[in-house]
Amino acid sequence: MSRNKKIFYTIAIVIVMIWTCFPIGWMVLTSLKSPTDVYAYPPKIIFKPILDNWLNVLLGQEWTGTAYITVHTDIPRYFMNSFLIACGATLIAFLLGLPAAYSLARYKFFGKENFAFTLLSFRFAPGLIVIFGIYQLYQRTGLFDTHFGVMAVHQLLLLPFVVWMMRSYIAAIPIDIERAARVDGYSWLGVFTKVTLPLLKPALAASAVIAFIYSWNEFLLGYVVTGPNARPMTPALLGFISYERVLWGQMAAAAVLGMLPSIVLSLFVQRYVVAGLSFGAVKG
Amino acid sequence: MAYLEIRNLTKEYGKVKALDGFTLEVEYNELVVILGQPGAGKTTLLMTLAGLEPVTQGEIILDDEDIIDKPTELRDIAMVFETYALYPHLTVWENITFSFYSYRAKRAGLSKEKITERVKRITEMLEISDLLKRYPRELSGGQMQRVSLARALVRSPKLLLLDEPIAHLDAKLRHRLRPELRRLQKQTGVATLYTTTDYMEAFGIADKILVLHQGLRLQMGTKEDIWNKPAHRIIGNLLGVPSMNIIPGGRPKIMNGKMNIFTEDGLQIPVDKEQQTRIQEKSIEKIDIGIHPSDINLVGAGEYKGVLRGEIYVYEPLGIKGALSVKVNKQIIRVQTPARYEQRKVGEKIDLYFKETDTHLFDSKSGLNILFIR
């Protein structure tokens with residue numbers, strides 16, 4: 001590569017990094033600012049950092065000017081909601097999706113590709129077209145504001161992803177290996193547990209992490225089908241916006257907290273995340 | 001009753017018949033090679049025997065037991081796949097002993113000492129004792145093939161199926177492994193079915209050869225039977241390098257009490273008595289003539305009374321032998337020559353000599369050898 005091209009690509013990468021990392025960086029800074037510093041103009045990059053926003057969000061501690069008092073905070077509960085929902089939704093997606101993926105990868109049956117495409121089409125459809133119907137359904141069936149209700153509605157995102165990802169991974173395992181295990185005396189279930197699943201381990205782990213992140217980051221569906229009880233973290237951030245004011249510092253602290261699981265998990269499975277993100281847009 | 005009997009086996013994939021009324025008998029300790037071109041149905045046959053593919057119709061009797069409805073894992077059949085199909089996440093030792101840890105095998109309760117003893121014996125026989133801790137990705141093609149074989153043999157199965165096991169190895173290794181495979185089969189005494197597209201492999205190791213074409217059994221016999229009396233024109237194409245010369249569309253005529261076959265482009269091929277009787281009995285009108293390149297001589301003497309006159313087209317050295325192509329009227333006839341053949345010029349006139357008894361006559365319409373027409 002010529003020297004000029006190298007310089008050009010380096011500049012381009014720096015610009016892209018600033019473009020993508022600046023909002024995150026600014027959010028971290030905002031979480032450490034006092035209300036005065038938040039509203040300061042011109043915006044302050046150098047300021048005296050405080051932990052008040054974090055103490056408020058995590059421990060419900062508010063500085064009155066002379067002392068800290070305890071106030072109510074729901075953020076740890078919303079964090080646990082998100083964790084519970086993401087774990088549960090991922091588990092359900094794999095319990096349902098893995099057998100479906102195996103069938104699509106290994107068997108021929110009538111309407112196979114139509115079924116697969118229909119499942120995929122759930123990813124194309126915007127959440128807006130289903131939220132009204134789902135809201136009414138959930139109100140009538142008692143699923144509104146329940147953790148299971150959110151796990152179930154997240155299957156619209158996760159199940160197509162899991163089925164399509166695992167289908168291609170399963171298809172990549174040579175079928176002769178499974179046949180050899182059958183000849184070696186293993187039943188279908190034995191082949192699946194002793195041969196297929198071990199070979200799928202890396203793919204399972206990566207897909208599970210990506211599915212978890214999708215569920216964690218999801219906003220619209222989680223907002224529509226929950227109330228104060230089962231609300232996940234991402235829609236809960238709206239609670240920092242009221243008619244009188246916006247608690248920017250606390251919202252920033254809560255948002256940074258909400259980002260952490262996705263960032264940490266993504267670091268573990270970086271190269272698989274790229275493949276997963278190109279599969280469909282990340283919502284939330 | 002034979003040890004393995006396959007009766008009227010038919011396997012259909014939609015409208016396509018991969019096996020059509022197939023029959024076969026294999027005795028205990030026999031090595032039968034299924035020879036056929038790609039797509040003949042060889043792998044389908046092994047898959048149906050192993051229970052990996054359902055059968056449309058037919059019976060499979062193994063050791064006096066009908067196994068057609070038995071699931072794969074209960075048939076006591078071992079298989080070596082063309083792709084070896086080793087378990088990539090297991091070591092060589094774990095691959096070989098994998099069958100001993102299935103639910104059924106655990107119930108049978110073979111002790112760890114017995115398993116170790118069996119594995120030791122088989123791996124020493126196959127010379128892979130020093131590879132036991134490696135993973136398949138660390139093995140060469142020949143090593144993978146032997147591990148695959150060890151995995152099959154260690155179970156002492158009732159039937160061993162080998163699906164082109166050395167197809168993907170280089171020529172030298174294939175040549176070396178062929179006699180080893182035969183020796184192993186005789187040492188273990190297990191009834192074996194072996195599939196291949198290579199006639200030399202078949203001739204090298206088989207007790208009997210079965211030629212399969214488009215799901216149909218064309219012929220079964222020893223290598224001498226197949227070579228000296230191929231039952232179908234297609235078999236001629238499978239045998240020999242170069243393969244059998246087939247001169248198409250000849251019409252038999254009797255002149256002075258002797259029958260000759262006259263081809264459209266003016267060749268005259270003499271016919272022996274047995275074939276003449278047959279042609280007359282069955283009123284065969286159009287005949288394709290087959291001659292092995294190795295049965296054609298460049299010197300006329302003794303029984304070599306048949307003559308084809310032509311001109312040299314091209315000479316190909318093939319290592320330990322050569323192939324001389326001669327243009328006889330419009331036909332190209334190929335002749336096998338010794339390695340040190342003194343090459344003559346292209347276009348030079350040459351006579352080809354053959355024995356009447358070395359010609360194989362096939363009915364043009366059906367392709368059947370006239371001696372096999374009922």
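The domain bounds used on this tour come from an automatic or database domain assignment. With that in mind, remember throughout that you are looking at a predicted model, for which the predictor gives the complex an ipTM of 0.84 and a pTM of 0.81.

**Stop one: chain A as a whole**

If you consider the contacts in chain A between residues at least 6 apart in sequence, 74% of them join residues at least 24 apart.

**Stop two: the two domains of chain A**

Now give residues 3-70 of chain A one colour and residues 75-279 another, as these are domain 1 and domain 2. The centres of these two domains of chain A, taken over C-alpha atoms, are separated by 30 Å. Where they meet, 12 residues of domain 1 of chain A are in contact with 11 residues of domain 2 of chain A.

Which elements of domain 1 of chain A each supply at least two residues to the side that touches domain 2 of chain A? Select α1 (3-31), α2 (35-39) and α3 (52-59) of chain A to see them, and then keep α3(A) highlighted, because the definition of helices as DSSP runs sets its limits. The largest share of that side of domain 1, five residues, comes from α3(A). Sorted by class, the side of domain 1 of chain A that touches domain 2 of chain A holds seven nonpolar, four polar and one charged residues.

**Stop three: where chain A meets chain B**

Bring chain B into view and select the contact between the chains, which takes 15 residues from chain A and 19 residues from chain B. On the side of chain A that touches chain B, the elements giving two or more residues are α9 (175-183) and α10 (188-217) of chain A, and α9(A) provides the largest share, with six residues. By class, this side of chain A has eight nonpolar, three polar and four charged residues.

In soluble globular proteins, nonpolar side chains tend to be buried together. Here the largest nonpolar core has 104 residues, and those with the most contacts inside it are B:Val33, B:Leu35, B:Ala50, B:Met79, B:Ala150, B:Leu161 and B:Val211. Helix α5 (residues 141-153) of chain B gives the most to this core, with six residues. A second, separate core of 34 residues includes A:Val153, A:Leu157, A:Met166 and A:Tyr214.

Next, centre the view on B:Ala50: what does this residue touch, leaving aside residues up to four places away in sequence? The list consists of A:Val183, B:Thr72, B:Arg75, B:Ile77, B:Met79 and B:Leu161.

**Stop five: strands of chain B**

Before going into detail here, note that chain B averages a pLDDT of 89, with 98% of the residues scoring at least 70. Select strands β1 (residues 4-13) and β4 (residues 57-62) of chain B, which run antiparallel and are joined by five bridges; B:Thr10 has B:Gln57 in β4(B) as its bridge partner.

The bridge partner of B:Ile61 in β5(B) is B:Asp66. Together β4(B) and β5(B) form a hairpin with two residues between them, and B:Asp63 in the turn has a positive phi of about 50°.

How values were computed: Residues are numbered from 1 along each chain as its sequence is written. Chains are lettered from A and ligands numbered from 1 in the order in which they are written. This is a predicted model: local features need pLDDT of at least 70, side-chain atom pairs count only at pLDDT 80 or more; totals for chains, interfaces and linings use all residues. A nonpolar core is a set of buried Ala, Val, Leu, Ile, Met, Phe, Trp, Tyr and Cys residues joined through C-beta atoms within 7 Å. A residue is buried if 20 or more other C-beta atoms lie within 10 Å of its own, exposed if 12 or fewer, and partly exposed in between; C-beta atoms are placed from the backbone. Helices (H or I, at least four residues) and strands (E, at least two) are DSSP runs, numbered from the N terminus. Two residues are in contact if their C-beta atoms, placed from the backbone, lie within 7 Å. Ala, Val, Leu, Ile, Met, Phe, Trp, Tyr, Cys and Pro count as nonpolar, Asp, Glu, Lys and Arg as charged, and the others, Gly among them, as polar. pLDDT is the predictor's confidence in each residue, from 0 to 100. Two strands pair if DSSP finds at least two bridges between them.
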